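Biologist: I'm new to this one. Could you put it up on the screen and walk me through the terms?

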Amino acid sequence: MNGAIEQDLHIHTVYSHGDTAIEPQQTLDLIQALAHSRVIGISDHFEYLPPVFDRYREDVHRRGFWCGCEINLSGDVSQALELPFDYYVYHCRDQESEYRGAERLLGSGKPVIISHPMAMGADLNRVPAGCFIEVNNRYVWKNDYMTYYPPHLDRFRFVLGSDAHKPNWLNHLVCSYAADRLGIVPHIIFPEPYGA
Ligand SMILES: [Zn+2]
Ligand SMILES: [Zn+2]
């Protein structure tokens, strides 16, 4: 157990079974046993969740994890808003419809995290300021984060996310290094585990 991680709200499990990066060992049981972060949220890909939503939510909550999802496109926003997620993780692409999708998610009053914005080509000037911007452990090093983030540091609050699809990705090694270089102090959305 690594007590250094306070919050990780971007984690996939076998509920994202069609994602080729998912390993069959990436179960809620193993994530609970590894306890890499003090506060944990699960954000499986939304498209797999509606048919199993009640089981998913119960499975996530009974472990003290917050129940989220990761939404790929704005076309899924209406359906996602109908389900009682605790928070949303959103792929904000560089299109008017996708920025509007972020606004609609914010209208729920629940936390909205813009995941790996550099990898999606998001223009942070157009992302609503109420969104949390992720520094993503899987992707941040692939682009010039020292150019991308600095113009926006005063406008947003930022979070770290592992985007783990397999057990050995359950860490914040690269994203916390990048955040330190950027002078970002990660925001804590949920101070305590679910139900605590
Ligand atoms: Zn993603
Ligand atoms: Zn993800």
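Modeller: Let's start with pairing: two strands pair if DSSP finds at least two bridges between them. Helices (H or I, at least four residues) and strands (E, at least two) are DSSP runs, numbered from the N terminus. Val 89 stands opposite Ile 113 in β5. This is a predicted model, where local features need pLDDT of at least 70, side-chain atom pairs count only at pLDDT 80 or more, and totals for chains, interfaces and linings use all residues. Residues are numbered from 1 along each chain as its sequence is written, while chains are lettered from A and ligands numbered from 1 in the order in which they are written.

Biologist: What makes β4 and β5 a pair?

Modeller: Three bridges join β4 (residues 88-90) to β5 (residues 112-114), in the parallel sense. At least two are needed, so the pair counts.

Biologist: Why are β1 and β7 called edge strands?

Modeller: The open sheet runs β1-β2-β3-β4-β5-β6-β7, with parallel pairing. β1 (5-8) and β7 (157-161) each pair on one side only, which makes them the edges.

Biologist: And what pattern does the protein chain follow along the sequence?

Modeller: Reading along, you get β-α-β-α-β-α-β-α-β-α-β-α-β-α, with seven helices and seven strands.

Biologist: Why is the protein chain called as compact as a globular protein of that length?

Modeller: Its radius of gyration, taken over C-alpha atoms, is 15 Å.

Key: The radius of gyration is taken over C-alpha atoms; the globule rule is 2.2 Å times the number of residues to the power 0.38.
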